[in-house]
Amino acid sequence: MKTSSRVNSISESVTLKLNAKAVALAESGKQIYNLTAGQLPFRPATEFVDLMRSELDFIKSYHYSPVAGFPELRKNVLENFEKTRDVKLSDSDVEFDCVISNGGKHSISNIMGCLLDPGDEVIVMTPYWVTYPEIIKFCKGVPITIETTPYEFFVPSIDKIKLAISPKTKAIIVNSPQNPTGIHYSDEWMNEFAELMKKHPHVNIISDEIYYELFYYDPRPTYFYQKHPELLKQTIIVDGISKTLASTGLRLGWTIAPKDLTSAMTRLQGQTTSGANSLVQRALMNFEFDTVPQFLEPIKKHLRENASYLRDVYRDKNLAHIWYQSTSAFYYLMDFSQTPIMDRMKEQKPDQVDYSFEICEELLEEAGVAMVPGGAFGMPNTARMSFVLERDPFREAVDRIFDFVLK
Ligand code: PLP
């Protein structure tokens with residue numbers, strides 16, 4: 001069967017490919033340390049689970065939900081947003097609303113489906129979450145990537161963003177805290193970015209805030225619109241419960257945006273997936289989002305401990321110059337470009353630019369550690385590790401990585 005050129009433009013997920021190999025090796029009896037996880041391996045908050053349990057008794061939990069989501073949940077989400085980000089959406093001269101979707105990823109694909117005409121450009125900063133460019137391409141848009149380097153701690157310069165903006169730019173995606181680096185942009189960066197964006201009112205800013213609550217070092221993440229609320233009218237916020245409530249499988253996320261866009265998204269969602277899961281929405285209608293920081297406290301402590309161990313190993317191996325401090329989400333992007341593994345790779349295949357896939361494959365086969373190749377995030381010769389593994393296996397995995405890389 002001949003599939004469409006649109007779907008053929010989408011790349012296969014490298015994460016899934018390596019994960020399949022890791023699972024196969026584990027099943028064959030090999031000890032595998034899987035550092036590819038994009039989710040927290042903890043039970044969700046008890047209050048949330050109890051609310052879901054009590055909603056099981058109501059027939060409405062099994063029926064279709066309103067396409068944009070239950071109004072009570074949308075209200076709860078909007079109120080929580082205003083409270084946590086310390087903004088008033090009513091300060092903007094446009095009206096805002098919220099659309100509940102089947103996860104943040106679904107929100108982003110709906111946004112692109114409603115914003116992009118063929119040839120429209122969307123600026124994406126490297127390293128990027130793998131889905132962004134793929135969804136943009138699927139919606140006939142053109143991803144314009146902005147390079148960053150490990151030396152600048154993956155923070156894109158405002159000048160580079162300025163140069164990337166063209167009359168065709170429809171949107172720019174800002175993801176802070178960030179997957180795959182585990183950093184969030186500084187308040188100064190956000191302010192400079194805001195000043196730039198004020199000069200480009202035709203550019204919509206998609207702020208992917210799915211890891212907002214998951215910072216384990218102060219200062220907490222801030223956003224460009226907080227000190228510059230006049231930017232709200234060109235801002236689209238994506239968030240959800242996957243990361244902050246450790247509930248990736250429940251598939252619930254949302255978009256907060258000016259009403260023109262949320263109405264269009266509701267139309268699109270009404271003809272594609274309809275309203276999101278009623279049971280989960282009903283539980284969240286009454287959920288006190290104020291309790292999230294308390295739920296995340298022990299999880300953040302765990303992430304901090306693993307991040308500190310990694311820092312200590314970099315220092316002990318005299319590699320502190322290629323280490324950076326991660327502060328948020330649960331990832332670290334390890335740079336191989338100045339380590340002995342690169343010389344070994346170059347000897348085997350001299351003309352290649354990116355060896356991240358080969359490095360991760362050998363690392364898995366030889367050392368039994370699975371990481372996600374950085375090539376998938378647009379960052380050659382790096383790999384993403386996840387900090388969620390328990391302390392002892394995490395330490396063992398890190399030791400094995402360094403033995404392998406420095407061999
Ligand atoms: N945005 C980023 C940066 C992510 O890393 C993820 C998930 O990995 C998402 C959005 C979407 O999450 P979900 O669709 O599970 O809500």
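**Entry 1: α12 and α13**

I started with helix α12 (residues 340-348), which packs on α13 at an angle of about 110 degrees, the axes lying 11 Å apart. For the labels, I took DSSP runs numbered from the N terminus: helices are H or I with at least four residues, strands are E with at least two. The axes are lines fitted to C-alpha atoms, for helices over the stretch in contact, and angles run from 0 to 180 degrees between N-to-C directions. α12 and α13 are therefore roughly perpendicular to each other; that label covers 65 to 115 degrees, with under 35 roughly parallel, over 145 roughly antiparallel and the rest oblique.

Before going on, I noted that this is a predicted model, where local features need pLDDT of at least 70 and side-chain atom pairs count only at pLDDT 80 or more, while totals for chains, interfaces and linings use all residues. Residues are numbered from 1 along each chain as its sequence is written, and side-chain values use heavy atoms, with hydrogens and water left out.

Who meets whom? On the α12 side I found Ile341, Met342, Met345 and Gln348, and on the α13 side Glu358, Ile359 and Glu362; contact here means heavy atoms within 4.5 Å. I counted four nonpolar, one polar and two charged residues in the contact of α12 with α13. My classes: Ala, Val, Leu, Ile, Met, Phe, Trp, Tyr, Cys and Pro are nonpolar, Asp, Glu, Lys and Arg are charged, and the others, Gly among them, are polar.

**Entry 2: α13 and α14**

Next I looked at α13 (residues 356-367) against α14 (residues 391-406), and got an angle of about 115 degrees with axes 10 Å apart. Ile359, Glu362, Leu363, Glu366 and Ala367 of α13 touch Arg400, Ile401 and Phe404 of α14. This contact has five nonpolar, no polar and three charged residues. Ile359 and Glu362 also turned up in the α12 contact.

**Entry 3: pockets**

I then went for open space, on a 1 Å grid over the protein atoms alone: a pocket is an open set of points with protein on both sides within 12 Å along at least five of seven lines, a cavity is a set where a 1.4 Å probe fits but cannot get out, and lining residues have an atom within 4 Å of a point. Points are joined across faces, edges and corners, and a volume is the space filled by probe spheres set on them.

The largest pocket came out at about 1,000 Å³. It has 39 lining residues, with Thr15, Lys105, Trp129, Val130 and Thr131 closest to the centre. α6 has the largest share of this lining, five residues. The lining splits into 16 nonpolar, 15 polar and eight charged.

The second largest pocket has about 210 Å³. Of its 14 lining residues, Asn204, Lys233, Pro258, Asp260 and Leu261 lie nearest the centre, and α9 gives the most, four residues.

**Entry 4: cavities**

How many cavities of 30 Å³ or more does the structure hold? I found two. The largest cavity has about 180 Å³ of space and 16 lining residues, with Asn80, Arg85, Asp239, Trp254 and Phe289 nearest its centre. α4 contributes the most to that lining, five residues. By class I have nine nonpolar, four polar and three charged.

The second largest cavity holds about 60 Å³. Its lining includes Trp129, Tyr132 and Tyr185, and the classes are eight nonpolar, two polar and no charged.
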